[in-house]
Amino acid sequence: MPSRRQVRHHSRYAEPSLSESMIDMQGDYLAAKRNSRFRRKRKGLAPLGAGADWHYRSDGDYLWMQEVAWDLYRNDVMLGSVTDRAIDNIVQDGFGYDPETGDEALDEELRARWIEEATDPECCDIAGQHNFHEQTRQICRGMIVGGDMFGIPVDAGRVQLAESFRCRSPSTRRSKRHIVHGIELSPTRERLAYYFTRDQIDPFGTVHLKDLVPYAAKDEDGLPGVWHIYRASRPSQTRGVTAYAPIFDAAGMHDDLQFAALLKAQLTNMTFLLRQRSEHFDPVNYGMKLPTGVDLSSDYLRDGSSRTIEGLGPLSEIASLRGERIEAFTPNIPNAEFFPHTKLVLTFIGINIGMPLVLLLMDASETNFSGYRGAVDQARLGFRAIGQCLVDRWCR
């Protein structure tokens, strides 16, 4: 007897079996298939491939991500303090200077000079407000929240810090320059110039070329004219992206959960008296004259007048009428599923900032010493990686 496959080979109308169809389907990557009922539809993907800059090609979208991230840093119940705690672990006491010239006396003199100048804001900041350690913390914060930060070296060794929103592209489309979010690139992606807005600009106005101050990427001696501090995940990435980008929605949901739980906890301290009238209750028998369109927020008295019930506090008492049954209502406290779900959301948030749950909550009660030490050791790998980026792009 010929096999099913042999029959199919000789007959062009033979239907393949289910097992044969599965074999043919599994010969390719399932991830390469466009449609799957188990996969959500992703938008904004380039079908023929694109560099990292293409995914934030819109200046408005890129700046909007930064503003949302800074809003989360300012107002979110967790993200601001968690980010500052991560910065504490990354920067700690600051990055020091350890010269090795071979001459111990000279090394000691250079080290003493470094300490003297690094702690003097007049020697570090063009505005004379922040010393080197404070500038390093601001740069680390800007790199995590905003995506990147810029340092512009000026006279006498001082530095002017420029936040990421100030590096902008001109709105004109006639220019033949290849500028990506304020950075002019050569055909080989070499930085040629940086364009910064002046400090005082209208946030709703259009940025023209005349409003921008260009800074050469390198001076006549080949030294960097602008220090761009950011972390790139792809070679085609020109600017940094906020670490909050994957957790915008998760952070908002967590904030809503906490607000609802706190509000519910406040309600547990209050007692409401609810009126439940039976079907035999007749307000006319008690001298009440109810108007048409009863207002549920009003309490109608026996003489036909009404009073509005508002501003209730704990243990508020509402006088009842005869024939009404009074019942106390007290909402339940958060259920048992609330706390594991909150920890899961916080874990997602902490992963994107490099903070395990034990550091994020500053609470090791959920694990033992070995579990705590293992989580901290893994976090330190990320802290050192960010610290090395600060050393390479800023401190040196």
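The lining of the largest cavity splits into three nonpolar, two polar and three charged residues (Ala, Val, Leu, Ile, Met, Phe, Trp, Tyr, Cys and Pro count as nonpolar, Asp, Glu, Lys and Arg as charged, and the others, Gly among them, as polar). A quick word on the model: it is predicted, with local features needing pLDDT of at least 70 and side-chain atom pairs pLDDT 80 or more, while totals for chains, interfaces and linings use all residues. Numbering runs from 1 along each chain as its sequence is written, and side-chain values use heavy atoms, with hydrogens and water left out.

**View 1. The largest cavity and its lining**. The residues around this cavity are D59, Y62, L63, C167, R168, S169, H181 and R239. Its volume is about 40 Å³, and a search of the whole structure turns up one cavity of 30 Å³ or more. On a 1 Å grid over the protein atoms alone, a cavity is a set of points where a 1.4 Å probe fits but cannot get out, and lining residues have an atom within 4 Å of a point. Points are joined across faces, edges and corners, and a volume is the space filled by probe spheres set on them.

**View 2. The largest pocket**. Here the volume is about 1100 Å³. (A pocket is an open set of grid points with protein on both sides within 12 Å along at least five of seven lines.) Its lining has 35 residues, and F132, W227, W394, C395 and R396 lie nearest the centre. Elements giving two or more residues to that lining are α5 (104-118), α6 (121-124), α7 (132-145), β5 (191-197), β7 (227-230) and α11 (369-395); helices (H or I, at least four residues) and strands (E, at least two) are DSSP runs, numbered from the N terminus. By class, the pocket lining has 21 nonpolar, four polar and ten charged residues.

**View 3. D148 in strand β1**. D148 sits in β1, residues 148-153. Is D148 buried or exposed? D148 counts as buried because its relative accessibility is 1% (buried is under 20% relative accessible area, exposed over 50%, partly exposed in between, with a 1.4 Å probe and protein chains only). Its side chain makes a polar contact with the side chain of H228 at 3.0 Å, and a polar atom of that D148 side chain lies 3.4 Å from the backbone nitrogen of G240. A polar contact is a pair of N or O atoms within 3.5 Å; within protein, one must be able to donate a hydrogen and the other to accept it, and residues adjacent in sequence count only if both atoms are side-chain atoms. Setting aside residues up to four places away in sequence, D148 touches Y62, G142, M143, S164, H228, I229, Y230, R239 and G240 (contact means heavy atoms within 4.5 Å).

**View 4. D53 in a loop**. D53 belongs to the loop between α2 (18-25) and α3 (59-75), and counts as buried at 12% relative accessibility. The D53 side chain has a polar contact with the side chain of Y56 at 2.7 Å. Beyond neighbours within four places in sequence, D53 is in contact with V180, R189, S236, Q237, T238 and R239.

**View 5. Positive phi at Q92 and M362**. Q92, not a glycine, has a positive phi of about 55 degrees. Q92 lies in the loop between α4 (79-91) and α5 and is exposed, with a relative accessible area of 53%. M362 also isn't a glycine, and its phi is positive, near 55 degrees. M362 is in the loop between α10 (357-360) and α11, exposed at 62% relative accessible area.
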